[in-house]
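Q: I have a structure here that I have not looked at before. Can you walk me through it?
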Amino acid sequence: MFGMRMILTISVGMTFLFGSAAYAQDYARSGFYVGAGWSYVWEDFDDEFEDASPDNSWGINGRFGYRFHPKVAAELEFEWYNDFDFDLGEVEAWSLMVNMKGYLLTGQFQPYGMVGVGLLDAETSGLGLSMLDDGTEFAWQVGGGLDLYTYATASGD
């Protein structure tokens with residue numbers, strides 16, 4: 001299983017491998033964008049489940065958005081979460097969110113903060129988790145990250 005250090009190392013390594021700061025780019029231009037990424041999710045289940053030793057989860061996501069200002073964007077994000085494992089079973093989940101992102105920088109490396117609202121669907125399996133409600137509910141999220149932009153050209157350009 002990938003650890004957070006491994007994911008960060010791969011992401012930064014690919015940026016330096018395929019990226020080039022030698023060419024002037026407008027990384028913060030307005031317009032539509034598509035993206036994909038990894039996530040790490042801290043469990044926040046009710047206190048009654050603390051004895052069941054829930055694990056945090058990692059996930060993958062895809063997004064489609066529009067950047068309407070160099071430092072502000074709105075997006076639709078779908079995220080799938082790997083199982084949250086308990087001593088008594090597991091919870092499988094996905095979410096669909098509408099997010100607002102605020103960027104701190106506008107160069108090749110762009111740290112951002114994000115807030116979003118949407119739907120979270122969770123399904124339980126395992127005898128000890130039967131008291132959890134399955135189904136889709138309203139959810140919100142707060143997060144942050146780092147967008148890394150790369151640029152490659154054909155040789156001779």
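Predicted model: local features only at pLDDT ≥ 70, side-chain atom pairs only at ≥ 80, totals over all residues.

Q: OK, how many helices and strands does the chain have?
A: The chain has 1 helix and 6 strands.

Q: And in what order do the elements run from the N terminus?
A: The order is α-β-β-β-β-β-β.

Q: How much of the chain counts as buried?
A: Of its 157 residues, 31% count as buried. The chain exposes about 10,000 Å², and carbon and sulfur atoms supply 61% of that area.

Q: Which residues make up the largest nonpolar core?
A: That core has 7 residues: Val41, Tyr81, Phe84, Phe86, Val91, Ala93 and Ala122.

Q: What is Val41 in contact with, leaving aside its neighbours within four places in sequence?
A: Val41 contacts Asn56, Ser57, Tyr81 and Phe84.

Q: What does the second core include?
A: The second core is separate and has 5 residues, among them Tyr33, Ala73, Tyr103 and Tyr112.

Q: Switching to Ser95, where does that lie?
A: Ser95 lies in strand S4.

Q: Why does Ser95 count as buried?
A: Because its relative accessible area is 1%, and the cut-off for buried is under 20%.

Q: What does the side chain of Ser95 join up with in a polar contact?
A: The side chain of Tyr81, at 2.7 Å. Not counting residues up to four places away in sequence, Ser95 also touches Glu77, Phe78, Glu79, Leu119 and Leu120, among others.

Conventions:
Residues numbered from 1 in each chain as written. Heavy atoms only, no water. Helix = DSSP H or I, 4+ residues; strand = E, 2+ residues; numbered from the N terminus. Buried < 20%, exposed > 50% of the residue type's maximum accessible area, 1.4 Å probe, protein only. Areas by Shrake-Rupley, 256 points an atom, 1.4 Å probe, with all protein chains shown as cover. Core = buried A, V, L, I, M, F, W, Y, C linked by side-chain atoms within 4.5 Å. Contact = heavy atoms within 4.5 Å. Polar contact = N/O pair within 3.5 Å; in protein donor to acceptor, adjacent residues only side chain to side chain.
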